[in-house]
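Hi,

Here's the structure I said I'd pass along.

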Amino acid sequence: MMILQKLKGSGFKIITISFVLLLAAFILAQVVCVVTYTTPQVLIKSLASREIWFAIKLSLITAVISTILCIIISVPAAYALVRYDFPGKSFFNTILDMPLALPPLVAGVGLLILFGTTPFGKALAKAGLVFVYTPLGIIIAQFFVNVPFMLRILKSTFQGINPRYEYIAQGLGCTEAQAFWRVTLPMSKNGLLAGSVITWSKGIGEFGAALMVAGATRMKTEILPISLYLNMSCGELDLAIAAATILIVISFASLFIFERYSGTVHFL
Amino acid sequence: MIRVENISKNLGEFFLTDINLEVNAIDYFMIVGPTGAGKTILLETIAGIYRPDKGKIFLNDHDITNAPPRDRNINVVYQDYMLFPHLTAAQNIGFGLRSRKISKTVTKRKINEVANLLGISHLLCRYSDTLSGGEKQRVSIARAIITEPKALLLDEPLSALDPQTKDKLRHELKKIHLLMKTTIIHVTHSLEEAFFLGDQIALLDKGKIVQVGEPKEVFRKPNSKFTADFMGVDNIFKGKSTIINGASHIDAGGITIVSTTPAYGNLFASIRPEEIFVSKQPIVSSARNSFHGNVENIIDKGVILNLLIDVGIPFIVVITRQSLDSMKLKISDSVYITFKAAAVHVF
């Protein structure tokens, strides 16, 4: 109430600010509830359990790989969408944004059918790339759901770089690709970092699509959100809380790094 | 030498129509025109950023119309410097040599040479965000000249700088041109800059070259209303100045103009038309410049009129319709023009 007293001004100002405080309290309340649900001793013990360790490791690995995939695909795609004109550009722009609007569960079903039943999926499986009910499925689910975020951040980043930097580099002897590599890419460093962090952190939290494609098999496709879900359903509350706590820590750390490096990047 | 033949390019908002130009290395070539005339797109088309819709571009008699920018060896300097922010000044300057796989020792030596020439040796380790505007433009000029380009295209390189820095860099651009003997095309909207630097100037308006020639010639014999309007803003004269009693006495070819700004040697003097009084009889006043001549032309501009008065050299004078009527001025009348020494701008 001290804060409210300090704020001189209209009643309207005080009312609107109260809404900010209420919302902040609501958000913090749920975080505090999760973290303080068990005692620190129990939490540490759960974190050290074999199952939670497995979930942490699998989450980290799959999210890192899916993030790298997002970078590899998004960098050239975003550059093309920003710098070049081609037929159907706005149509493709909309298509590439579609996963943003799609519920992850639906995306998961689509991926499951694509990789499980079509000749394309079967050919991949024959070649040793089995996506259905495997960790590979987790990676492809994370990639599918998160690639639009990376794409949007990179488009915004490239848009912020005056193409004249590239013209100068070309005049100084670079090909288009060299100009991109030596000038545009280093200048996109912050956008790339911000994009990677947000993609990685969203990858770690991805549940719906991963559940559909990779299933929820203990100690096999058990990433942190799946672990939370499995342990919650069978009453292992301590393990569930441990998984939730780690997810909270990762989200906050990512948000902090993102805010710090994203600068003028906009992605929504 | 750059020769542009019938170049047209349409980028929607900006466009070029049938541009013909021939620029020799010995001439410092200025392109002057108002905002939106198509100056930048002309430079970028010559640099190879845009393919012309039609026409041809020759560099030292080679057809480069379809050559990619990297094979042209033509460098551009922009108004807003465009220094690579992730590289130091030295790395920026050496960028072109690195692309061409020049050895590190040679690169280092050349960086030092150009940095010396432009007086930026002490800035080599700095990143661009720590440099002032003038310093950034020096680095960007250094980066453009280090590869010894066959042509240097300057896009309003001085427009973002403060007057002192502008003045210094203007002299250095002239020096660089003499030293490198490379073809330079310098684009500006400033007449003053064009007169100071240009051996040849071309006027560009709405994507078309309106007139090309020596500055004096273009100024004295405008071939269109656009040229006349554009050039008619100022009375600009080339002359040689000596200092007598702290004032400049400028021999402008037939008449001597006095300016309160002390300056010595070859320079330009400009007098804004509205600073000049016209009278039928000589007037006694403290103004130190008074000349006798004839009204050559009266140009109606609505509320005001421009008089072209030849006093040995042509002056443009602005008067109101009211004063024209009360003085009953006609073409070929004998008149006196008078202006203060303080109204004479020297550059």
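Predicted model: local features only at pLDDT ≥ 70, side-chain atom pairs only at ≥ 80, totals over all residues.

Below is what I found, going chain by chain and then to the contact.

Let's start with chain A. Chain A is built from 14 helices and has 0 strands. Its C-alpha trace spans about 65 × 65 × 30 Å along the principal axes. Of its 268 residues, 38% count as buried. If you take the contacts in chain A between residues at least 6 apart in sequence, 77% of them join residues at least 24 apart.

The helix pair I'd point you to there is H11 (residues 189–205) and H14 (residues 237–262) of chain A, which pack with their axes 9 Å apart and at an angle of about 165°. Angles over 145 degrees count as roughly antiparallel, so that is the label for H11(A) against H14(A). The crossing of H11(A) past H14(A) is left-handed. H11(A) brings residues including Leu193(A), Val197(A), Ile198(A) and Ile204(A) to the contact, while H14(A) brings, among others, Leu247(A), Ile250(A), Ile257(A) and Phe258(A). Ser201(A) of H11(A) and Ser254(A) of H14(A) are also among the residues involved. By class, this contact has 10 nonpolar and 6 polar residues, with no charged ones.

Now chain B. Here 6 strands make an open sheet with mixed pairing, in the order S6-S7-S8-S3-S9-S10. S6(B) and S10(B) (208–213) are at the edges with a single partner strand each, so one side of each has no neighbour in the sheet. On average, neighbouring strands are turned by 20° against each other, ignoring direction.

Within that sheet, S3 (residues 28–32) and S9 (residues 200–205) of chain B run parallel and are joined by 4 bridges. Helix H1 of chain B lies across S3, S6, S7, S8 and S9 of that chain, and runs at about 155° to S7(B).

Last, where do the two chains meet? The contact takes 15 residues from chain A and 18 residues from chain B. On the chain B side, the elements giving two or more residues are helix H1 (39–47), strand S6 (74–77) and helix H2 (89–99). That side of chain B has 10 nonpolar, 5 polar and 3 charged residues. So two elements from the sheet description turn up again here: H1(B), which lies across the strands, and S6(B), which stands at an edge.

Cheers

Notes
Residues numbered from 1 in each chain as written. Chains lettered and ligands numbered in written order. Contact = placed C-beta atoms within 7 Å. Nonpolar A, V, L, I, M, F, W, Y, C, P; charged D, E, K, R; others polar. Pairing = 2+ DSSP bridges. Axes fitted to C-alpha atoms, helices over the stretch in contact; angles between N-to-C directions. Parallel < 35°, antiparallel > 145°, perpendicular 65-115°, else oblique. Left-handed = near helix turned anticlockwise from the far one by under 90°. Buried ≥ 20, exposed ≤ 12 C-beta atoms within 10 Å, placed from the backbone.
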